[in-house]
Amino acid sequence: MSTDFQHDIDAVKGIEAVPTILEVVCRTTGMGFAAVARVTEDRWIACQVLDTIEFGLKPGGELQVQTTICHEIRQTGNAVVIDHVAEDPAFRNHHTPQQYGFQSYISMPITLPGGRFFGTLCAIDPRPARLHTPEVIGMFKLFAELIGYHLEAAEKLSSSEAHLLTERQTSELREQFIAVLGHDLRNPLASIQAGTNLLLKRPLDDKAVTIVRLMQGSVSRMGELIENVLDFARGRLGNGLALRDESAEIEPLLSQVIAELRASWPERTIETEFALDRPVVCDRVRLAQLFSNLLGNALTHGAPDQTVRVGAGTRNGAFELWVANAGEPIDPETLGRLFQPFYRGHVKASQQGLGLGLYIASQIAAAHGGRLDVTSSPAETRFTFTMPLV
């Protein structure tokens, strides 16, 4: 197989959502085979496959493109939907169903945002299926758009990296790319959210409901990542983070953040030490974001069997907020780079993220006229935010 097609297979494989998409497609429609295919004028290659009917294709497998309906879709750019081949005037005598033995078929073109045709998201089954509905067609369209956006983003990043020669060029292009990426992902993300909400209104078995719920959780996490990269772009490309200052009672705000994270980390203990005798002028949303980033970081990287302690107080004309956790101390080299964007230090593979949380927290601190400091010893690692009281 040529290098170009292997690159396409790897690009689709790199989209973590694709296996879930194929499973949702099959469970929602009742069909037994679904695939993401790369389709060119003379090649049809399976990039990712879910096959429960022993159709026989695996990733990298190939069909003669002239024998497929995807060949016609590439030429017209239109989806093809067949509930029952034997009753469909346009396809009952078509050579493709006869050759491959299917009765139901749906294929949606995958087009990159720039307008270039990549391939199709398709499904087949030897039994008829009810596919010609707004819900099913809309679901396929949303999933095809998502795959197209992921492929375009990966292609842009790969192309950019190939042409960068210096660290400065890398940094500038990455920042510009992230600014565009953060905005462009919002629309398809909203479409996916709407699509999952629509799916939950349809009759689904328990496993399918669980899968859709997991997808909604992934959408929420993707939304958080998008907000992080947008904050990064605002801080580096714009005029910094904008604040909406107001006089706020801080303890209820911090308690709400703690309650949210306790729900995600039910096995962890979080102790509080609050000594707040007056309201604080700040941006409530941004302060909650700073605290959430610090507390989430402590829960992620601190010793799992030890208590995480947080505290806040107003004294000597300043507001102070701190988060402390036990665990391995941070080495001096890592300590000096913690607040740099995209720096994650030595983390486990399961600890996913872009390395923006602490950077954004430091930018929120600076926007408030304060500072964020960190100390680390064998006894504890402590992050402290301090700002003058107005």
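Modeller: Start with the chain as a whole. Among contacts between residues at least 6 apart in sequence, 65% join residues at least 24 apart. Contact here means heavy atoms within 4.5 Å. This is a predicted model: local features need pLDDT of at least 70, side-chain atom pairs count only at pLDDT 80 or more, and totals for chains, interfaces and linings use all residues. Residues are numbered from 1 along each chain as its sequence is written, and side-chain values use heavy atoms, with hydrogens and water left out.

The chain has twelve helices and 13 strands. These are DSSP runs numbered from the N terminus: helices are H or I with at least four residues, strands E with at least two. Of the 390 residues, 45% count as buried. Buried means under 20% relative accessible area, exposed over 50%, and partly exposed in between, with a 1.4 Å probe and protein chains only.

Now the rings. A search of the whole structure finds five aromatic pairs. Rings of Phe, Tyr and Trp (its six-membered ring) pair if their centres lie within 6.5 Å; planes under 30 degrees apart count as stacked, over 60 as edge-to-face, and the rest as tilted.

Take phenylalanine 55 and tyrosine 100. Their ring centres are 5.9 Å apart and their planes stand at 55°, so this pair is tilted. Phenylalanine 55 lies in the loop between β2 (44-51) and β3, while tyrosine 100 is in helix α4 (residues 95-100), so the pair ties together parts 45 residues apart in sequence. Phenylalanine 55 has 25% relative accessibility, so it counts as partly exposed.

Next comes the pair of phenylalanine 319 and phenylalanine 385. It is edge-to-face, with 6.2 Å from centre to centre and 70° between the planes. This pair also links distant parts of the chain: phenylalanine 319 is in strand β11 (residues 318-325) and phenylalanine 385 in strand β13 (residues 381-388), 66 residues apart. Both phenylalanine 319 and phenylalanine 385 are buried.

Arginine 38 lies over the face of phenylalanine 118, at 4.9 Å from the ring centre. The charged end of arginine 382 sits over the ring of tryptophan 322, 4.0 Å from its centre. The test asks for NZ of Lys or CZ of Arg within 6 Å of the ring centre and within 35 degrees of the ring normal.

The loop of phenylalanine 55 runs between two strands, β2 and β3. Both belong to an open sheet of six strands, in the order β3-β2-β1-β6-β5-β4, with antiparallel pairing. Its edge strands are β3 (62-63) and β4 (80-82), each pairing on one side only. Two strands pair if DSSP finds at least two bridges between them. Between β4 and strand β5 (residues 104-111) there are three bridges, in the antiparallel sense. Here isoleucine 82 has tyrosine 105, in β5, as its bridge partner.

Histidine 71 lies in helix α3 (residues 70-76). Its relative accessibility is 15%, so histidine 71 counts as buried. Leaving aside neighbours within four places in sequence, histidine 71 is in contact with Glu41, Val65 and Gln66.
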